[in-house]
Amino acid sequence: MSTTADSPAGLLRGAVVGLGMMGRHHARVLQTSGVVTFAGAVDPEGDRHGAVRDPDAVFPTIRTLLEHGRPDLAIVAVPTEDHLAAAVELAEAGVHVLIEKPLAESPERARALVDAIRTAGVHGAVGLVERCNPALIELRRRVQAGQLGQVFHVATERLGPFPARIRDVGVVKDLATHDLDLVGWLGGGVTTLSAQTQHRMNRPHEDLVNVVGRLEGGATFTTMVDWLSPTKVRQTRVLGERGMLVADTLTADLTFYANGEVTSDWDSMRSLRGVSEGDVTRYALSRREPLLAELEGFVALIGGEADPQAVTLEEGLAVVDLAEAVLRSAQSQETVHVLPSRGTRPDAGTGHGSGAAGNAGGNPAPSVPAPAAGGPR
Ligand SMILES: NC(=O)c1ccc[n+]([C@@H]2O[C@H](COP(=O)([O-])OP(=O)(O)OC[C@H]3O[C@@H](n4cnc5c(N)ncnc54)[C@H](O)[C@@H]3O)[C@@H](O)[C@H]2O)c1
């Protein structure tokens, strides 16, 4: 049986549960990062993508992984509807868990998951990995430093073909959870939203969503996400009084479109366009792998570091609430109002009296405090 005491330099031992499209990348990072030592992988289907160097480190169940030597941390990358069972089993065994987004397929199960992690006294975080994208980190830093002046609008687009393996959730919970998290992270929490969806692939869940809403700071936002487009687009734009920052998270590029200083003589054109085109600057960024940054942030959280780069369970829960609010809005055709905590308000709606939101409680704060640094063993 392996333990942390056996691992080089006392590094934490990290495992991955689920060796699918996402888990295989976590397996690669866990084996190469130097931040942790690799404690093994779990997948009942085995290592279909050839992600694990040592075949003896692949186990069919969490129980067999634990019997081989309990890891300090595990990344849960099983299908979304299986997150709860896997995370609870690991947490109850004393393993810190980084859970892929979305936390769960419903607010109720996401809350049950957070409660179980709190009760077990281990650390938890959520794999909303876009927050570790270098272009978005730099975009946010520049917005917060005031480069754009007042922020008017945040827009995200996440378009592309359907990945046929996803059966348990629709595009809102699978993909738009990234966007619902990002708009709040960049522009302040979501206060209202209104959504439209499309079902074009004859599946039980939606395959396109368009969301429009407002953020706490007064800016508006739009989010367009689909599984219907024949090309992949991953773009986030923040428009402000001095120009626009555009992040392409596929290429990790960040570009600034400044408002022009030189005014045009063509008055009709000026009034149509509002601003003139100015200089365009593409920033040179150091491109660190987001999954590695995410793992480092989780290790820092476990180590008790102040303000680690990790998405908290409460933030993950809030995004599941927002996704639910998006689906309710699309179904009811009403605007949903969201509390500052980003839980949805039970009496929300457009004033038609039907209560488009309906989330009991709304506030995702768990009843049990977070564990101390390092967590109990
Ligand atoms: N952060 C991101 O950008 C991102 C990207 C893709 C997927 N994800 C998330 O990662 C999770 C997995 O998605 P995916 O695309 O890799 O799915 P996938 O279907 O490709 O892989 C899931 C794997 O989990 C395995 N599995 C099922 N039950 C298991 C269990 N009880 N224990 C261990 N393994 C089990 C399956 O055999 C499969 O190999 C989902 O929650 C998804 O939303 C996140």
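Which of the 24 residues around the ligand come nearest? In this predicted model, Met22, Asp43, Arg48, His83 and Arg165 hold that position within the shell of 24. Sorted by class, the shell around the ligand comprises 11 nonpolar residues, six polar residues and seven charged residues. Residues of the shell are supplied both by domain 1 (4-130) and by domain 2 (134-287 + 312-371), and the ligand therefore lies between the two domains.

For Arg48, an N or O atom of the side chain is 2.7 Å from a ligand oxygen; for Thr80, the separation between a polar side-chain atom and an oxygen atom of the ligand is 3.0 Å; and for His178, an N or O atom of the side chain is found 3.2 Å from an oxygen atom of the ligand.

Thr80 belongs to the loop that runs between strand 4 (73-76) and helix 3 (83-92). Its relative accessibility is 7%, and Thr80 is therefore counted as buried, the cut-off being under 20%. When residues up to four places away in sequence are set aside, Thr80 touches Pro102, Ala104, Glu105, Asp168 and Val169. One of these partners, Pro102, is joined to Lys101 by a cis peptide bond with omega of about -15°, and Pro102 is placed in the loop between strand 5 (96-100) and helix 4 (107-120).

Ser106 also lies in the loop between strand 5 and helix 4, and with a relative accessible area of 15% it is buried. Beyond residues up to four places away in sequence, Ser106 touches Lys173 and Val320. Ser106 and Asp321 are separated by 215 residues in sequence, yet their C-alpha atoms are 8.0 Å apart in space.

Arg158 is part of strand 7 (residues 151-161) and, at 3% relative accessibility, counts as buried. A polar contact of 2.8 Å links the side chain of Arg158 to that of Asp179. With residues up to four places away in sequence left out, the residues touched by Arg158 are Glu130, Leu175, His178, Asp179, Leu182, Met224, Val225, Asp226, Val233 and Arg234. This list includes His178, the residue whose side chain has an N or O atom 3.2 Å from an oxygen atom of the ligand.

At the start of helix 5 (134-144), a side-chain oxygen of Asn133 reaches to within 2.9 Å of the backbone nitrogen of Ala135. The buried residues of helix 5 are Pro134, Ala135, Leu136, Glu138, Leu139, Arg142 and Val143. In an α-helix there are 3.6 residues a turn, so residues three or four places apart point the same way. Helix 5 is followed by Gly146, which has a positive phi near 90° and is found in the loop between helix 5 and strand 7. At a relative accessibility of 28%, Gly146 counts as partly exposed. Although Gly146 and Arg242 are 96 residues apart in sequence, the distance between their C-alpha atoms is 9.5 Å.

Asp307, with a phi of about 55°, sits in the loop between helix 8 (290-302) and helix 9 (313-332); its relative accessible area is 75%, and Asp307 is accordingly exposed. Gln333, for which phi is about 65°, is located in the loop between helix 9 and strand 15 (336-337).

Taken over the whole chain, the protein has nine helices and 15 strands, and 52% of its 377 residues count as buried. Among contacts between residues at least 6 apart in sequence, 66% join residues at least 24 apart. The protein exposes about 16,700 Å², of which carbon and sulfur atoms supply 51%.

Technical notes: Residues numbered from 1 in each chain as written. Predicted model: local features only at pLDDT ≥ 70, side-chain atom pairs only at ≥ 80, totals over all residues. Heavy atoms only, no water. Near = heavy atom within 4 Å. Polar contact = N/O pair within 3.5 Å; in protein donor to acceptor, adjacent residues only side chain to side chain. Nonpolar A, V, L, I, M, F, W, Y, C, P; charged D, E, K, R; others polar. Domains from an automatic or database assignment. Helix = DSSP H or I, 4+ residues; strand = E, 2+ residues; numbered from the N terminus. Buried < 20%, exposed > 50% of the residue type's maximum accessible area, 1.4 Å probe, protein only. Contact = heavy atoms within 4.5 Å. Areas by Shrake-Rupley, 256 points an atom, 1.4 Å probe, with all protein chains shown as cover.
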